[in-house]
Amino acid sequence: MAQYRVVSGSVALITIQNPPVNALRAAVREGLFNTIKRASSDPQVRSVVLSGHNGTFCGGADIKEFGNVSLPGPHLVEIFQLMEDLVKPVVAAIEGFALGGGLELALACHYRIGHSKAKVGFPEVNLGLFPGAGGSQRLPRLVGVPAALDIIITGRHVAAGEALKLGLLDRVIDQNTVDAAVTFSKIQKCTSPPISGKPLDNHRLGNRPCPPLENMDAFFEEAMKRVHSRARGAVAPITCVQAVRGAATLPFHKGMELEKMLLGTLFNSAQAQASQYCFFAERAGARWSMPSGARWDTCKAKPISTAAVIGLGTMGRGITVALARAGLSVVAVETQEHQLAEAQRAVSRMLKGGGRVSYSPDLQAAAEVDLVVEAVFEDMAIKEKIFKQLSEVCKPGTLLTTNTSTLDIDRLASCTRDPQLVVGMHFFAPAHIMRLLEVVYGPRSSPEAVATAMQLGKRMGKVSVAVGNCTGFVGNRMLKPYLEQANFLLEEGATPELVDAALEEFGFPMGVFKMSDLSGLDVGWRVRKEEGLTGPGVTAGQPMRIRHGRRYSPLGDLMCEEGRYGQKTGSGWYLYDKPGGRVARSDPWLRNFLEQYRARHGLVARRISQQEVLERCLYALINEGFRVLEDGIAASPQNIDAIYVFGYSWPKHRGGPMFYASQVGLARVLEGLNHYHQAHPDVPHLEPCSLLRRLVASGSPPINKWSEVVKGHRSQL
Ligand SMILES: CC(C)(COP(=O)(O)OP(=O)(O)OC[C@H]1O[C@@H](n2cnc3c(N)ncnc32)[C@H](O)[C@@H]1OP(=O)(O)O)[C@@H](O)C(=O)NCCC(=O)NCCSC(=O)CC(=O)CCCCCCCCCCCCC(=O)O
Ligand SMILES: NC(=O)C1=CN([C@@H]2O[C@H](COP(=O)(O)OP(=O)(O)OC[C@H]3O[C@@H](n4cnc5c(N)ncnc54)[C@H](O)[C@@H]3O)[C@@H](O)[C@H]2O)C=CC1
């Protein structure tokens, strides 16, 4: 766990060994504690080098241990103090990553040497924590308060070059880091005396004062204001500011006491649990499986080096950028001349002149590529035609994928010669930025096609989740009842402002109406027309607010008929200063419109609480999530949660909708749905699904045990 060797005659080389990231689990902490003591008392040893096995210094504390109320083994704070107090110089040799507790470990060393490709950082804020083993107190003393606060609050990875400039690293090298650190620990080159034996006090960060900061009170006030406005209800970022303020104002030992107290408030909090759950949910998608039994570890991906993107609108442009950034050579195809020219400019701008992209108005240009992503209008007839053409044009074996957000993958596959080569690759806007990729398999998609799309997602840095084929797949299928509830609430007396405020307070960066204005109201309108819910496809004589015997809100359709598509037209649920404007203002027109609408349909506006908004919107969405699990469209609640956190900006500190349901309590969610369904019996999305009932009947097991109930449930269907 911590290997000890004496090298070069007098240097104790301690190597942390705990693959894959050398996390500081109990046995490692024990090993570190013992080897530091050994180095201290070994008369042969004059200096110490600390390194990590297999090119990674240390990924920090072992997150899997965090559920324990009291962690076993020696405490990190104690180990780091022991190391800092050592009278022999200790040099950290940083290769790969030094993150979280790993960087705290490096800060407790007297010197830090990093490889030029190394990265350091404090990502704890993403886990609902902050660097609580001395990091919040030592880093500001080394790099100053503003730089330290930035690193701690953002959780970003700092590249070696920047770390050197900040003084976080003493040296950056391109050669073998451990060898360099051993040499460094023994001698300082040229005129300087050997560092072994040199007084080390200035290199013990706990002994140093924080560099002074002018206008400190104003600095922290401003920082706190910024954090409050951005944290969206997350507590950890606020604690980061409090802890760093402690470093700036208190002696080290007092700062450490404050750090301990603050960590105590976070460590077992619901937010920390939710954020840590998200860390593992993000990674769980890589271990995909299909109902056929095909799995991530038994299927091989095809090599992909060239791709074509068909349709260069909003999505196609971002997809082209994402593929080019992943190192693929991309052919971008668009039939509209002006769109092609505009897309070429936009893509070049985003790629900053880099990437290998060629442009064509002709589908024939896709003849030799390994993979195609189709991103034309959401119109089945157009897409079917394109898939038929692609099947004729492309070389045998080309993977044909579609970015459709709702349509049937199998129907598209049936237009091709090789339906097993067709899968959905559902990106989220903006496609080069949003991390989520839903990889949709149809009944005939081959495991190899799925493996290839998943592998490509990884190359693009996406969180990829394999899902089954149904209208809207996982994310958009669950979104439908959420949007539906929001519209019903408007009919009943709410305003877009009230609904959005409730959702933003919950932690979404944008409420449902602001989000719809951003995406474009016409997108959903097109889908509803395609489904025959509005437009010429509606059976004559149907009441306006009923479709297929269920409650329906035509509000979104009426807005589009008024030409209000959202930001792009300068008005939607809100008013914008110009088409394409970003700042939403309340619109008196809309208030009038809603009043007239209610009057026309005999609806009496009532007072609606924020709690009702949250429960109806979120429980309806969660209920559909249970149906998705029940139908086997998503393999696990973790997959659903990853989709919502990385594709729909569900607040990480709430852990995703299914985790949130488990935290609220399944019985309470069931009770809420029963209540609202009784009040609205014509809304099937509010009727609790049978899997939820069954989970509650089985005593509401923890989320990692749901799959057992799901399996039993499916076998009974
Ligand atoms: C390191 C990475 C950047 C590597 O990325 P990549 O190569 O892409 O690999 P991955 O797929 O991400 O990971 C591979 C594999 O490893 C698993 N893993 C990664 N990191 C960890 C980890 N830190 N712990 C456990 N497991 C880890 C990962 O899950 C993968 O496995 P799989 O899931 O099975 O596929 C990347 O991995 C990464 O970013 N890792 C996380 C880095 C990070 O966030 N580090 C910070 C950890 S938190 C930390 O260090 C906090 C502290 O040190 C301070 C807390 C002190 C604790 C003190 C406890 C005292 C509590 C008392 C409180 C009460 C007080 C009172 O009462 O008084
Ligand atoms: N806009 C969004 O937020 C998201 C959209 N999607 C899906 O992505 C697809 C594309 O959507 P958008 O980019 O928003 O549409 P868009 O309307 O912005 O762009 C579509 C482009 O396809 C081009 N096109 C049409 N027929 C073509 C053909 N035969 N050959 C080549 N190009 C052709 C059009 O000229 C247009 O430039 C749709 O299936 C949509 O459902 C998926 C995720 C998010």
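Student: In this predicted model, is Arg 585 buried or exposed?

Tutor: Arg 585 is found in the loop between helix H21 (555–561) and helix H22 (588–600). Within 10 Å of this residue there are 11 other C-beta atoms. A residue counts as exposed if 12 or fewer such atoms lie within that distance, so Arg 585 is exposed.

Student: Which residues is Arg 585 in contact with, leaving aside its neighbours within four places in sequence?

Tutor: Arg 585 belongs to the loop between H21 and H22. Once the neighbours within four places in sequence are set aside, the residues in contact with Arg 585 are Tyr 574 and Leu 575.

Student: How far apart in space are Arg 585 and Leu 363?

Tutor: In sequence, Arg 585 and Leu 363 are 222 residues apart. In space, taken C-alpha to C-alpha, Arg 585 and Leu 363 are apart by 43 Å.

Student: In what order do the 8 strands of the open sheet with mixed pairing stand?

Tutor: The edge strands of this sheet are strand E12 (356–360) and strand E17 (463–468), each of which pairs on one side only. From one strand to the next, the twist averages 25 degrees. The pairing is mixed, and the order is E12-E11-E10-E13-E14-E15-E16-E17.

Student: What angle does the direction of helix H12 make with that of strand E10?

Tutor: Helix H12 (residues 314–325) packs on the 8-stranded sheet. H12 touches strand E10 (306–310), strand E11 (329–333), E12, E13 and E15. The direction of H12 makes with that of E10 an angle of about 170 degrees.

Student: Which residue stands opposite Thr 401 of strand E14?

Tutor: Strand E13 (residues 371–374) pairs with E14 in the parallel sense, over 4 bridges. From E13 the chain passes through helix H14 (residues 380–393) to E14, in a right-handed β-α-β crossover. Opposite Thr 401 in E14 stands Val 373.

Student: Which residue in strand E15 is the bridge partner of Leu 400?

Tutor: Strand E14 (residues 399–402) is covered on both faces, with Leu 399 and Thr 401 buried on one side and Leu 400 and Thr 402 buried on the other. E14 and strand E15 (residues 422–427) run parallel and are joined by 3 bridges. In E15, the bridge partner of Leu 400 is Val 422.

Student: How many residues of strand E17 are buried?

Tutor: Val 463, Val 465 and Val 467 point one way from E17, and Ser 464, Ala 466 and Gly 468 point the other way. Residues on both sides are buried. The count of buried residues in E17 is 6 of 6.

Student: Which residue in E17 is the bridge partner of Glu 438?

Tutor: Strand E16 (residues 436–441) and E17 pair in the parallel sense, over 6 bridges. Together with helix H16 (residues 447–459), E16 and E17 make a right-handed β-α-β unit. Tyr 441 has Gly 468 as its bridge partner in E17, while the partner of Glu 438 is Val 465.

Student: Why is one side of strand E5 and of strand E8 left without a neighbour in the sheet?

Tutor: These strands belong to an open sheet of 3 strands with mixed pairing, in the order E5-E7-E8. E5 (97–99) and E8 (158–159) stand at its edges, so the side left without a neighbour follows from each having a single partner strand.

Student: At what angle to E5 does helix H3 run?

Tutor: E5 and strand E7 (residues 119–121) pair in the parallel sense over 3 bridges, and Ala 98 has Val 120 as its bridge partner in E7. Helix H3 (residues 101–108) lies across E5 and E7, and its angle to E5 is about 95 degrees.

Student: How many charged residues does the contact of H24 with H25 hold?

Tutor: Helix H24 (residues 637–647) and helix H25 (residues 657–664) pack at about 115 degrees with axes 7 Å apart, which makes them roughly perpendicular. Pro 637, Ile 640, Asp 641 and Tyr 644 in H24 meet Pro 657, Met 658 and Phe 659 in H25. Of these residues, 6 are nonpolar and none polar, and the number charged is 1.

How values were computed. Residues are numbered from 1 along each chain as its sequence is written. Chains are lettered from A and ligands numbered from 1 in the order in which they are written. This is a predicted model: local features need pLDDT of at least 70, side-chain atom pairs count only at pLDDT 80 or more; totals for chains, interfaces and linings use all residues. A residue is buried if 20 or more other C-beta atoms lie within 10 Å of its own, exposed if 12 or fewer, and partly exposed in between; C-beta atoms are placed from the backbone. Helices (H or I, at least four residues) and strands (E, at least two) are DSSP runs, numbered from the N terminus. Two strands pair if DSSP finds at least two bridges between them. A crossover is right-handed if, with the strands pointing away from the viewer, the path from the first strand over the helix to the second runs clockwise. Two residues are in contact if their C-beta atoms, placed from the backbone, lie within 7 Å. Axes are lines fitted to C-alpha atoms, for helices over the stretch in contact, and angles run from 0 to 180 degrees between N-to-C directions. Angles under 35 degrees count as roughly parallel, over 145 as roughly antiparallel, 65 to 115 as roughly perpendicular and the rest as oblique. Ala, Val, Leu, Ile, Met, Phe, Trp, Tyr, Cys and Pro count as nonpolar, Asp, Glu, Lys and Arg as charged, and the others, Gly among them, as polar.
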